[in-house]
Amino acid sequence: MPSYMSKNLVIVESPAKAKTIKKYLGKDFEVLASYGHVRDLVPKDGAVDVENGFEMKYQVIDRNEKHVKAIIAALKDADELWLATDPDREGEAISWHLVELLRERNALKNKPVKRVVFYEITQREIQNAIRHPRGISEDLVNAQQARRALDYLVGFNLSPLLWRKVQPGLSAGRVQSPALRLICEREEEIKAFVPREYWTISALAEKDGQRFDARLVELQARKVEQFSLVNAASALAAKSALEKAAAGELVVTAVEKKQRRRNPAPPFTTSTLQQEANRKLGFSASRTMRAAQQLYEGVDLGGETVGLITYMRTDSVSLAQDAIAEIRKLIGARFGAAAVPPEPRFYKTKSKNAQEAHEAVRPTSVARLPEQVAPYLSPDQARLYELIWKRTIACQMQQAVFDTVTVELRAGADNAFRASGSTLVEPGFIAVYTQGTDTPSGKDEDEDEKRLPPLAVGERVRLVELVADQHFTEPPPRYTEASLVKTLEEYDIGRPSTYASIISTLLARDYVRLDGKAFVPTDVGMIVNKFLTEHFTRYV
């Protein structure tokens, strides 16, 4: 790292980050925080002038005026200004706004301005960033300004209408309103849903003392569909006919054996981290982002402050080469050479709207094991770090291998049952991590193994009993935070980094409430959504 004899002023976004970075840069660098944005649009009509090329009028954010004054005071003693705000559009815009403001107040006095970016707060990354400064990216700033202008035009035009037409204190937003619409439309589907009755028949069979289930798939030479049996009378008649045809036993007519392989999930993006933390830890999106921010900015590990994870606002699923090498080395040491695939795994982002500035969310070093750092972390930080660590390790491990068996058993010539079972042969990545699902239990489909006894074609097994079960079709499930985040991302609505604040706004405005983990729209939410979707289809 070059030696700087001059005084250097470095600006970051948060005081926690400033403290960590100061330790890595030494006495020639003064590090101050901007406390987020220093300027925003003037809060009145005409802040975005649609007639004049969307010209935007800004003013200083009141609460940050004192931080701006502190930066101006420190700049008097500095020879160079280093902008080290976050490495995304928002961070780029914060740097640009600060420079514009300093120029307006004649505080820069032609001093060099250097922009540095880093995606993990470690000594190596920060010193490397200082060695490779660049200018402010106009494209990133323009992208952020376009998004802010849209937010303003939608919110500033629609919110006052809601105050007049519905009730004071309401708001509309570019992302908030479509998110509310999704929740309300799902509720309408649930209300309009009419359950349908259907019945299933299964056989409990036994071989050598081992019992197993088989479901009816063919009845009187016809394939059994969901609504083949729609009431008790038809189900009981079918059961009686099957008992007669079987006469106490079933004949094995086909045995199909396969090996199924499953790949690990890719490392975390902002969105998938929010989804999994909701499913597995019960965290809201804002709780996840708060703990992730703390892990990124740095935690005191007994005298040494270290950033434990890479930047948590990312759409990328790629990993740096040196990170992959470290992960593979740790897998070999902890789980044996057989757990390491011959080649590293590389993942590609599916979202067409992705901003792949850098890497996925991962530990800055997987050598910092969850159990080693846990004593220095809060419970939320420890649980989230463990989740990120496990997912990162698993993504570079061998596939899981299952032996699956599907057996057809007949009761007479025209009736067939099917039984299937799977056995985990090589756990591979499952030894570390399995991805959660949006099913009510949240359990992974392969967590419950079903095993069948060894069966051969022509063999006869004892029919213990036939069971007829009544079912009703279920309405579509309400959105949870995990499924709402996933759906917003699929529609390319908003950015994963803003989902937490959007969900918080919906709850704070009393548009929705949480019933367990599920969102239920309130009466106010339904009225606001109806008003916006009926009259403002071009916005919502």
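Where is Lys109 found? Lys109 lies in the loop between helix 3 and strand 8 (113-115). This report describes that loop and several other parts of a predicted model.

## The chain as a whole

The chain has 540 residues, of which 49% count as buried. It contains 15 helices and 19 strands. Along its principal axes, the C-alpha trace spans about 95 × 65 × 35 Å.

Contacts can also be sorted by separation in sequence. Among contacts between residues at least 6 apart in sequence, 75% join residues at least 24 apart.

Helix 3 covers residues 89-104, which makes 16 residues. An α-helix has 3.6 residues a turn, so residues three or four places apart point the same way.

Asn106 follows helix 3 and has a positive phi, near 55 degrees. In the loop between helix 3 and strand 8, Lys109 has a phi near 50 degrees, a positive value in a residue other than glycine. Lys109 counts as exposed because its relative accessible area is 58%, and the cut-off for exposed is over 50%.

Ala221 is placed in the loop between strand 10 (210-219) and strand 11 (222-223). Its phi is near 65 degrees, positive in a residue other than glycine. With a relative accessible area of 52%, Ala221 is exposed.

Asn8 sits in strand 1, which runs over residues 8-12. Is Asn8 buried or exposed? Asn8 counts as buried because its relative accessibility is 0%. Leaving aside neighbours within four places in sequence, Asn8 is in contact with Asp28, Phe29, Glu30, Glu80 and Trp82.

Val405 belongs to strand 15 (residues 400-410). At 22% relative accessibility, Val405 counts as partly exposed, because buried means under 20%. Not counting residues up to four places away in sequence, Val405 touches Val255, Glu256, Lys257, Ala419, Ser420, Gly421 and Leu452. Phe346 is 59 residues from Val405 in sequence, and their C-alpha atoms are 31 Å apart in space.

## Helix 8 and Ser271

Ser271 is part of helix 8, residues 270-281. Its relative accessibility is 0%, so Ser271 counts as buried. Which side chains make polar contacts with that of Ser271? One is the side chain of Gln275, at 2.8 Å. Another is the side chain of Glu489, also in a polar contact of 2.8 Å. Apart from neighbours within four places in sequence, Ser271 is in contact with Val485, Glu489 and Pro496.

## Where helix 8 meets helix 9

Helix 9 covers residues 285-297, and its axis comes within 9 Å of the axis of helix 8. The two axes cross at roughly 115 degrees, and the crossing is right-handed.

On the helix 8 side, the residues that meet helix 9 are Thr270, Leu273, Gln274 and Ala277. On the helix 9 side they are Ala285, Thr288, Met289 and Ala292. The residues of this contact divide into five nonpolar, three polar and no charged.

Key
Residues are numbered from 1 along each chain as its sequence is written. This is a predicted model: local features need pLDDT of at least 70, side-chain atom pairs count only at pLDDT 80 or more; totals for chains, interfaces and linings use all residues. Side-chain values use heavy atoms; hydrogens and water are left out. Helices (H or I, at least four residues) and strands (E, at least two) are DSSP runs, numbered from the N terminus. Buried means under 20% relative accessible area, exposed over 50%, partly exposed in between (1.4 Å probe, protein chains only). Contact means heavy atoms within 4.5 Å. A polar contact is a pair of N or O atoms within 3.5 Å; within protein, one must be able to donate a hydrogen and the other to accept it, and residues adjacent in sequence count only if both atoms are side-chain atoms. The expected span of a helix is 1.5 Å times one less than its number of residues. Axes are lines fitted to C-alpha atoms, for helices over the stretch in contact, and angles run from 0 to 180 degrees between N-to-C directions. A crossing is left-handed if the near helix is turned anticlockwise from the far one by less than a right angle, and right-handed if clockwise. Ala, Val, Leu, Ile, Met, Phe, Trp, Tyr, Cys and Pro count as nonpolar, Asp, Glu, Lys and Arg as charged, and the others, Gly among them, as polar.
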